[in-house]
Amino acid sequence: MTLPAIDRRSFLRVTAIAGGGMMIAAYIDPAELFGQGRQGGAPAPALVPNAFIRIAPDGKVTIIGKNPEIGQGIKTTLPMIIADELDVDWASVTVEQGDLDAKYGGQSAGGSTAIPTNWMPMRQIGAGARQMLMAAAAAQWSVPESELTTASGRVMHAASKRSAGYGELAAKAAALTPPDPATLKLKDPKDFKIIGQRTKAVEVDSIVTGKPLYGLDINLPGQLYAVYEKCPVFGGKATAANLDHIKTLPGVKHAFILEGTEQLSGLVGGVAIVADSWWLAETARKQLKVTWNEGKASTDSTEAFNTKAAELAPTLPATAGRSDGDVDAALKGAAVIIEAAYAYPFLNHAQIEPMNATARFADGKMEIWAGTQTPAGARNTVAMTLSLQPTDINIHMVRIGGAFGRRLYNEQIVEAAAIAKQVGGVPVQLRWTRADDMTHDQFRPAGYHNLKAGVDASGKIVGWRNHFITFTANGTAATGSSGMSGGEFPGGWIPNFAFYQSMIPFGVPTGAMRAPGSNAIAFVTQSFIDELAHAAKKDPLQFRLDLLAMPAVAPAAPAAAPAAGAPGAGRGGGQAQSFDSARMRGVLELVRDKSGWGTRKLPAGTAMGVAFHFSHRGYFAEVAEVSVDASKRVKVNKVWVAGDIGSQIINPLHAESQVQGSVIDGMSHLMSFEITIANGRAVQKSLNEHVPLRMRQAPREIETHFLTTSNPPTGLGEPALPPVLPAIANAIFSATGTRVRSLPLAKHGFRWA
């Protein structure tokens, strides 16, 4: 893995601040950012990850959390890295959220990328600041810098028994030439004092006491409130509405139609109502009557998609996305052949906080307060949609009440900005209802897999073929996280392997959801591997270890590498990152040992299931112990999780929480989450219909273990989720003999106990 390098010019730029303190930042000047050939379709310059440190004269340290905080703990984790290398006590650090600003470099949340892209830069920022403070002390005391040490925010010279707090040295340090990052001496991991410690989130006290932190908490002087009614059919537009009547209703200040664009993840056409309070706006909305041009998506339906997928399944496309060996010949010689059709539905992100944003447009400038995983993307979308300059848009990032990938997309922000521009001069807060959220998501795409594989007399997989049927909006490419790479495991580990892909035209907006692609693909591949293990009369866990022990196969006809953000990009499987079978064997062996696989006596109706998956640089294997009664009530008693995310767990408390949340989230995907489409619109409108796991249904225990390896640290938001779905499904099969090949399980009569 290549970590981003920081050159001397953009690493540390130092300025004195009021009171003689010190500000240290890895910095890119906005002039540099916008002046490097962005016209004519040229790509944006690469941004250097960064963070700010402020040291006040009294020694107080403030560290800026540059990335969006969506509950993953990054506002705590990145400052922890800086603080450890700076050598200050965590208790003395204050963390502030940074707004969108070019000086912070890349600012985003998604793809479990924050740690792998910021681990080394954050360490260098802290270490560079520490070295400058030591240099200031050495000059002040006329002693060699090599004789100095630091601890708890102080520089010490043992020979003369002198010491000084960082605050005392800050002004002098600010006047020094920043060090070359290549010369920095970083801490030996054994000397970490903050990294590796269980550290609570910096805002946890405010969260549990209800302090205002989120977008819905924004309350500005003169603020108005808005609702936005969109066509129930995806991509439809409003042609007329009873606006004159709506304007007469109590508290209503404005009502108007917005034409919108063709971009389903941008500003779609609709009707805005702006009032003195959100309740008055929503009440007026109930009397709204709109004439819609529903557009071409009005014939889309889950039923039609299912019919088309069944029609396409038997006929393979002319060209395989990947073709190794001779699958047909291998299957002819197989001792046992298994054929199976797997399917999974569209899903809603179901984040806790509905979409919202507050915007104010005055004097040609747009100011926005919103939770977004892609603030730069939000700014660019607003700029393009409303014909503004990006430099005239200021985005204040607020804490996000859950996202799971939903706030990679910024419809609510461009809607709020468009409404605010139309109103002019006053702040307007747009709030979506839960029904808005449920029916106008960027949905996790559905998919269909038609699999055929064979094992020989020794129980070894000799051939595997997958005809994957997915969706396209433009007729040529899989759309919105709906594609799949031929390099997905077990591609590359079976000598005779073929992957085909067909596509169904559709108009449903789809996008990335936690562990995009992998959250569904793992269910299919790991369930089918389990089928083959049972057909071969092999232990399912050992069967997987044997498969991982096979030599890698160089693809004869490799598929093109997926685009950034597409399924396959960031997941590995021979594409964007290499799948390391030794690392996966390591976590599989660890979860085997920790769970007591094959050694525990379980009562009738109780069984264990296993699965693994590689996604977003993380290697995870999971075992679930599951009980199923005669009424198909399912109880997940315990889940064991083993993960390899590299050499360092920065905050074990957050790491465990991420794993536990992944398991619980995955259980919702498995049992009851489903969005169906009828007449071009989503059917489910509430969490009563798209039901998340309840607290009483969660496992009694989720036991987490991390395998420390020499690999660079990687992220954790995504990779622990995918394996839990097949692990539980495989346990249900072992307990009942029923193999479920389509989700959700509730459609097959199962329910949580």
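Phe523 is buried, with a relative accessible area of 0%; buried means under 20%, exposed over 50% and partly exposed in between, with a 1.4 Å probe and protein chains only. The model is predicted, so local features need pLDDT of at least 70 and side-chain atom pairs count only at pLDDT 80 or more, while totals for chains, interfaces and linings use all residues. Residues are numbered from 1 along each chain as its sequence is written, and side-chain values use heavy atoms, with hydrogens and water left out.

A search of the whole structure gives 19 aromatic pairs. Rings of Phe, Tyr and Trp (its six-membered ring) pair if their centres lie within 6.5 Å; planes under 30 degrees apart count as stacked, over 60 as edge-to-face and the rest as tilted. Phe523 pairs with Tyr342: the centres are 5.7 Å apart and the planes stand at 75°, so this pair is edge-to-face. It links distant parts of the chain, with Tyr342 in strand β15 (residues 336–344) and Phe523 in helix α14 (residues 518–535), 181 residues apart. Helices (H or I, at least four residues) and strands (E, at least two) are DSSP runs, numbered from the N terminus. Tyr342 counts as buried because its relative accessibility is 1%.

Tyr448 and Phe471 make a tilted pair, 6.4 Å centre to centre with 50° between the planes. Tyr448 belongs to strand β20 (residues 447–455) and Phe471 to strand β21 (residues 461–472), 23 residues apart. Both Tyr448 and Phe471 are buried. Elsewhere, Phe489, Trp493, Phe579, Phe612, Phe614 and Tyr619 form one aromatic cluster.

Two rings have a charge over them, which requires NZ of Lys or CZ of Arg within 6 Å of the ring centre and within 35 degrees of the ring normal. Lys632 lies over the face of Phe750, 4.8 Å from the ring centre. The charged end of Arg739 sits over the ring of Phe733, at 4.1 Å from its centre.

The sheet considered here is open, with 3 strands in the order β6-β7-β8 and antiparallel pairing; two strands pair if DSSP finds at least two bridges between them. Its edge strands, β6 (148–151) and β8 (162–165), each pair on one side only. On average, neighbouring strands are turned by 25° against each other, direction ignored. Strands β6 and β7 (residues 154–157) pair over 4 bridges, and Arg154 in β7 is the bridge partner of Ala151. Helix α5 (residues 166–174) lies across β6, β7 and β8, running at about 80° to β8. Axes are lines fitted to C-alpha atoms, for helices over the stretch in contact, and angles run from 0 to 180 degrees between N-to-C directions; contact means heavy atoms within 4.5 Å.
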